[in-house]
Every structure is written in C-alpha cells, then in structure tokens.
Amino acid sequence: MRMTHRHSGRYHAGRHRRADTRDNSLAVNRLRGDSAAKVFAQKCEERPMDFNMSDRQREWLNRVDSFMHKHVLPAVPIYRQQDEAGERWKAIPILEDLKKKARAEGLWNMFMPPSAHEDDEFRGAGLTNLEYAPLAEQMGHIGWASEVFNCSAPDTGNMEVLMRYGTKEHKKKWLRPLMDGEIRSAFLMTEPAVASSDATNIETSIKRDGDHYVINGRKWWSSGVGDPRCQVLIVMGKTDTSAPRHQQQSQVLVPRDAKGITVEKMLPVFGFDDAPHGHAQVLLEDVRVPVSNILLGEGRGFEIAQGRLGPGRIHHCMRTIGKAEEALEKMVKRLSSRTAFGKKIIEYSIWEQRIAEARTDIEMNRLLCLKAADMMDKVGNKSAQLEIAMIKVAAPNMALKIIDNAIQAFGAAGVSDDAGLARDYASMRTMRLADGPDEVHNRAIARLELRKYANAPTTH
C-alpha cells in the first residue's frame, strides 16, 4: 500500500479565484439566512477563503506523512502479528514503541485546537481544526494510526471534555496522563434498553447520597472499556428526573476500577471484536464516586455532550476521507492487475465510471469537511452545527460506497481478511450510527433549512 496525499500544494479544488469579499458574504447570506452564516461571512471578510496551504500546514502535513511512511506503514504487519498473538485484550507493543517516537518528534495531541480553557500545563499542539484536518486524513489510512499520535477516539473527546469542563483536580488526575498517552478512557452514554439516539431517553441514575453520587444503570457500545489501559469513564445519566427534559442529565467521572462495575460482554461489529479497543456492555450497580467527580454541575450533561460530540464527529469524518482514499487505491491496483475475458478488468467501462465517481465523491466530501473545520475555527462548534451534521452524514456513506466497490473489485478476496476491506466496511457502516445516526443528523439539517423560511413572506 502506498499512501498519497494530494494536498501538498493546495486544497485541490483548483486555484482559488479571489472574488470581492463583499460579494462572497452576500452570496453566503442569500444561501444561509441564519446568524451563523452572517457571522461566518463577516469572518471571511477578515480572512478570505484560500485553497492554498499555508507554510505551517504544509510543514505539519509533511511531518506526519513522513512519519507514516517511515514508521507506521512498515509496522502494519508487525501490529497484525502482535494483535493475533496471545490475549485479545492487551496493549500492542509496536504501538507503544511508535507512540514514543511520535511524541519525541512533537507529533502529539494535534487534535486539540487553541482554547480559552488551556494553560501552560495543559496544552495541545496548537493546530486549528482546519490545520488538523489533512493530518487526520493521513492517519485515517490505517485504522490504528491515530493512536500513534495520541489522536484517537474516545480519548480525544474525553480530553476535550476535561480541558473545557474539568476542575484543576480533574485535569491533574485524568487529563495529564491522557495527554501523556499513559492511560486510555471510555465514554458511557448509549443504553441497550432505550432508543439512545434521543439522549433524553437515557435511564441511568446518578443520585446524590451525602458526599457521593450513586450510579445505577446499564450502558453499551462503551468503546475502549476492553483496553487494559482504560482507567477512567465519563458516564452520562440522570440526576433530576423532575427537571426540564434537557436539564435532567449530568456527566460524572468514574474510575474504571470502581466497585460495582461489571463488563457483561464485549460486543462484536459484524463479527469483528475490535480488540484491543473493543466495545463493551457495562453494568453499573451502586457505583459510588465523590460529588467532586461531577463535570460542570448537575443538569449540564447535554451542554457537555454537544461540546464533546461536535469535534469528535468531524475527526471521524477527516479519517473517513483517508480510508476512502485507501480503498480507492486498493481498487485501482487490483483492477489493473487482473485479467478477465481477454482484457484487464480496469478497461471495462463500468469500472471507469466507478473510479470517476469515487474520485468526485472524495473531493466533494473533503471540501465539505474542510469548510466545516474552517467554520468551527471561525464561529465555533455550535454555529457550525449544520456543516458538521452534513459531513457526518455524507462522509461515511461516501466511504461505504467506495469500499463496497473495492470489495467487488477484489471478488471473494474482498470479503476475507486479506484485503482489509471487510473490516473497513464494518467499521464504516458503524460510523453511520456512531455519534448519532444519519436520521438524527438529517432531521437537524432539515430543521435548520426550514427555519430560514419560517418567517418569510408567502408568495403566490
């Protein structure tokens, strides 16, 4: 496998033709009648859109690209060998070695953008979301590569939660070792007994008892719980069922080894166990934690969730584009190497059409992802919710289509372990559910669209 990155000189949508920024802002406002678009347009006047990479972006991308080719790619067969040997739930030695090398080169915590909540003790690499996007895409070529750079979920989202909403004590106890890559974490939100796409349905109780909270409930798809390095859980549950619907929920920090936590089973994804990461069904029975473990305060769980899930969603999408690039490359190489009915398979017109559509779809999704990242930097995650929702729906569906065609190109080999496409398909299909299913995001998109016309005069 050879990774290529076509961002080396510019975001490849052609050379940017600078138009008058006032015309641009008016066009944006005509397309988007909401306040976020107006703010974004004003910000664009200050910093016009430019598809050329800055020297800083190019430098970081080259560093990550070089590290991937020099260290990560050669380690792929070693990782697989170590993963298949011995216990399923274990730390992979080659991964730990690569983490040390990446950190020594300063390629560490690159997902964490500048924030008003950071200080000299707790600080990421200082890259914006837009600067991080092409780096995450490169990592996305290999499923476990993001962990090499301490940029993998769910730790990234949990670190951002601790950075934004944690106390100094929380940060010293949990954020510091997470940022150092010494421990891992999990986020416990979804539940098997209710439709968790509507988080107000969550039934786990978090009850105050003197100086402690007592937690009872059952969670599942708790990614990362199976990892022996997992030491802290962020649990979402209800502290006050009599409060307004979106003020009933709270989030609390729970040590992984707290009494009353039982991992009932690990959940496979289309038959893959996803070890050593894995996804667990977890029972919490009378789990007691100090009141000081509450994040931000009672009733503010939704506020934390929105702050956490926005960046997490776009990080998935950035990596998804890298996975789509890898699938396309595998498909083209396979088609070029095989002959059927007297000519190379790639010479049949159906494959030319599929390759062309794949390239077009990747480019469109990359540009939407970059726009969402740019808006997050300029107007904040909440104001960029439309763009985040759109790319969260579009990217996994795009990658699924390309991976499916790649499986078709490989034939029977595509559904085996050899090509890696079956696992990629399973992982990407899950992305249509993770961090909210397509239907929920499409509902949000539609509502934002309808809102633009709610007060518009009726025409006949």
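Contact here means that heavy atoms lie within 4.5 Å of each other, and the structure shown in these close-up views is a predicted model.

**View A. Helices H5 and H10 pack against each other.** Helix H5, which covers residues 129-139, and helix H10, which covers residues 349-379, pack at an angle of about 145°, and their axes are 8 Å apart. On the H5 side the residues Asn129, Leu130, Ala133 and Glu137 take part, and they meet Arg366, Leu370, Ala373, Asp374, Met376 and Asp377 in H10. Sorted by class, this contact of H5 with H10 holds five nonpolar, one polar and four charged residues.

**View B. Tyr79 and Trp144 form a stacked aromatic pair.** The model has three aromatic pairs, and in the one formed by Tyr79 and Trp144 the distance is 4.4 Å centre to centre, with 5° between the planes. This pair links distant parts of the chain, since Tyr79 belongs to helix H3 (residues 55-84) and Trp144 to the loop between H5 and helix H6 (145-148), 65 residues apart. Tyr79 counts as buried because its relative accessibility is 11%, and Trp144, with a relative accessible area of 14%, is buried.

**View C. Trp220 and Trp221 form a tilted pair.** The ring centres of Trp220 and Trp221 are 6.1 Å apart and their planes stand at 55°, so the pair is tilted. Trp220 is partly exposed, at 26% relative accessibility, and Trp221 is partly exposed with a relative accessible area of 34%.

**View D. Arginine side chains lie over tryptophan rings.** The charged end of Arg63 sits over the ring of Trp60, at 4.5 Å from the ring's centre, while Arg354 lies over the face of Trp351, 4.6 Å from the ring centre.

How values were computed: Residues numbered from 1 in each chain as written. Predicted model: local features only at pLDDT ≥ 70, side-chain atom pairs only at ≥ 80, totals over all residues. Heavy atoms only, no water. Axes fitted to C-alpha atoms, helices over the stretch in contact; angles between N-to-C directions. Helix = DSSP H or I, 4+ residues; strand = E, 2+ residues; numbered from the N terminus. Nonpolar A, V, L, I, M, F, W, Y, C, P; charged D, E, K, R; others polar. Phe/Tyr/Trp six-rings, centres within 6.5 Å; stacked < 30°, edge-to-face > 60°. Buried < 20%, exposed > 50% of the residue type's maximum accessible area, 1.4 Å probe, protein only. Lys NZ or Arg CZ within 6 Å of the ring centre and 35° of its normal.
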